[in-house]
Amino acid sequence: MKQFSQLIFILGLCTVCASPLMAQGDIRHQSPVLLEAGQEAEFRFDIPGLSSAQIADAVFWYRYAGESGFRQIRPRTDNGSVTASFTPEDTGAADFEYYLDLELMDGRRVTFPAQNPAENPVRVPVVDTGTENAGSGATEFGAFQILSPEPGSTLRAEDVVIAVTFFYENNDYEGIRYRIYLNNTDVSESAFVSPYLITYHTKQLPRTGDHEVRITAEKDGPEQDVLSWRFSTGDDVQPERRVPTTALRPQAEPQRTMIPSGQVEVSTLSQSYSGQSEGAARTTFRVSGREGEFQYRLNGLFTTQEDPRRQPVNRFAAEINYGKWFELQAGHVYPTLNSFLISGRRMYGVHTGVRLMNENLQLQFLHGELARSISPRYRELRREEEPVRDESGNPVTDSQGNPFTEVTYQLGPEAGGTGTYQRRLTGARLGLGSRRVFGWSLSALRVEDDVNSIDVFRSFSDLDQQAFSTLTPEQREELQDDPRLLELRDGAPPPQGNLALATDLVFRSPDGRVNWRADLAASLLNNDISNGILTSERAEDLGYQVGDGVVDTFDRLSWLIIINENMNSLPYRVEDGSAEPYVPGGIFAGDSQLNLNYFGHNLTVQYRWIGPDYASLANSALRRDIAGYTITDRFRMFDNSFFVTLGHENLRDNVVNNRLATTYSMTNRIGLSWLPSDRGLPRISGGLSYRTRDNRVDRNNPFLPAELQQASVRNVDEITDEEVITRPGPRDLNTLQFNGSISQSLRLFDQNHDLNLNYSGVLTRDNVFDFGDFSSHTFSFQVITNFTALPLRTVAGLNYVTSESISGLSTLNIFGGNAGFDYSLLENRLNLNADITLSSNVSQNTPLITRTFDPGGEPDALAQPFLLYYAADPNPENITRNETLTAAFGGGARYDINRNHSVLLRLQYTRFGDQFGDLSLPDDHFVQLRYITRF
């Protein structure tokens, strides 16, 4: 009864507090203060009013600072939230960049950040705290847990018991030989050392002082450091709780059996959004089992929302592993060959690999499809008559005054009827060297659309009898007599073909202080393979000759890549009317990175060169046409609690000099992070960056007065008697970006609280365009309270976003907040939760229009196109202002019938209104019931 009264009190409190709370109606996200290498981080994005059933696909894109392209993982989607978990392992990276991309069932795309997320991702510093501020982590040999003493702790000398335990997967402990050093003295012979546990007890330590424990390992190579931490001894300390003797014993290996274990979830839902009602059912499952070194996994998702006119929503995958020597994945998998080729992109097919000769020989193979075929749906073929018009737009008539008409027959896809070719993928990788000291690999990837996977009308000869059925006999005869009257709109994007090769070389010093990696790649992309390889006849139609030897070469290579005139960069050059083989420089890409760890500094130097014509259809996130270097240095101070990151980057585009102007970008940044070992002190992180972008082109337009120069539409290069030659538009931008975070744990009113405060700001000034300035400020605050006397957890937060673009002509202000709770009762078998969000969004937009300057008199016809300039629309009726209020309430319950069966209920209600409270959009609601069984 007492628990029931507490529950009624909490529900009443949330109801009373609903009205003053404010929350953001768009994506709400609290970025972490920083990421610790080897420690899992969770990225949660809350989208009030959005159910998981509305999400067709969710992708969490990420990369370490300096990488050319983004990688991707699939986050978890729950009602109103998307969560991605990631463990950064690259201790040489100074920063981690990420963004979220959602594709909704209605075709809309939602991202965070909302504007240009790939260009302006969220950036979070990565710090390698080692083990001096952490008691667990991972090494290349396996995971570890420090049992005693705790890193950074102080205890009495007689209480010192050194103990650390190790965990492995797939019997990876075989062949590992550990040694333990105390204050640089090898004490391995006096300690208990095994692959699972190391313990050492000594009474020879001084009563006061600082001490260091270092663990080394040797496996098929020289001895190397894998783990170290510090502790202190003193007199004025309380006796430390000794590590239980049971914790010092080697743990028994987990039971391994082929009997499957896993989880099955069945759910049903009813929802209404944007005035549309929908019901759906969904089933997911995960199954795994192992026996010795053999392991298998199965997972799948099946839903009634599968649509044959979209890419798959249903998905399943199977995986088999035998130790570290063999793996086989089938179904919907996420293979990786090379970051320039494919890295985490979803594929439907088979991916397999073997590692032989103590992992010194690796082989990988993958084959499948990136996209399934979707046939186009055409509307009816119809006859259209349009009057012929003169240059002034007036109808042209005959002597009798009858207008001349132009007859066409038009055929195109209906709304939403565009088709997709099946896109097939085949790849392989050969690797030599274990990559612990040396590694080399060669990878190849072939992607090609199957031109026969769908029927597309490309010309009159492709039309079937059904297409003619809507025409009268007279119209059919007219079209057959003159097929040129047919106007076809593409029923599908042109089929493409792609071949890409990549090689990489890795070197790592035995002590891990020097790491060097170099990648080189090349690609050929054909934007339309529907006509096959280039022939001598088609080359003649294009105005040049192709020798029989060249055509034979194209024919022999057609099983790899179809070469014709639609190549992204032609592999032949036309000189004097004939084509000769040619290797274009723009198809190459390279990335080289050196990482040094000396004198407490982590220094990384990177150089990259990516041509404008390098392309991989399996990795569209690469930034092309870029070259330059990046230097980053990270070091620690004040007992490894203060981290400093310095960075300088210098990049340019137009790397093959095929454009009129080159844009130079230079970025300098500094990042500061404080991670005190005392959890009673705040954790603080901040970063400041300053970037300039300049293409070194001056603004020039002699037809406009000085006060309009910065608003001119066209930039003039040269004026002759007959024409005016234009130059590229000038670019000169300065961007100042700042972000800061504070995280504090405290105990107040006998409760435990976690406070998080975030701020990010961007200020961009355009020095050559009057309407190019941009500014944005984002504040967020969150309090998480864990009650000690009640099984209750509460969350409350505030968010404020303000931005100005087009130099203030477009403004957006979002103010919101959220509050929620989790409460457990019935011995934690029943969990109740609720959350309320409220947001106020105010936006105003003044259109930017082009106007014509009047120089007086009759302007010269040559000058007329250059009298245009940009200006704010002076008509107040065209200024749009929107003020919307969004309120969302969510609640749910979870009841664990027993340890293997659970039932979950989730409710969501969202209301939209304008500034007066009148509804401007239909209310959304969502109800979902889920049943989970584990075995």
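User: Which strand holds E718?
Analyst: E718 lies in strand 46, residues 716–719; strands (E, at least two residues) and helices (H or I, at least four) are DSSP runs numbered from the N terminus. This is a predicted model, in which local features need pLDDT of at least 70, side-chain atom pairs count only at pLDDT 80 or more, and totals for chains, interfaces and linings use all residues. Residues are numbered from 1 along each chain as its sequence is written, and side-chain values use heavy atoms, with hydrogens and water left out.

User: How does E718 count by accessibility?
Analyst: E718 counts as partly exposed because its relative accessibility is 41%. Buried means under 20% relative accessible area, exposed means over 50%, and partly exposed is in between (1.4 Å probe, protein chains only).

User: How many helices and strands does the protein have?
Analyst: The protein has 5 helices and 58 strands. Of its 935 residues, 45% count as buried.

User: New topic: what kind of peptide bond joins F112 and P113?
Analyst: That bond is cis, with omega about -5 degrees. P113 sits in the loop between strand 9 (109–112) and strand 10 (122–127). The bond from S148 to P149 is also cis, its omega being near -15 degrees, and P149 is in the loop between strand 12 (143–148) and strand 13 (154–155).

User: And what is phi of N358?
Analyst: Phi of N358 is near 55 degrees, a positive value in a residue other than glycine. Most residues other than glycine have a negative phi. N358 belongs to the loop between strand 28 (347–356) and strand 29 (361–371).

User: Is F599 buried or exposed?
Analyst: F599 is exposed, since its relative accessible area is 79%. Phi of F599 is likewise positive, near 55 degrees.
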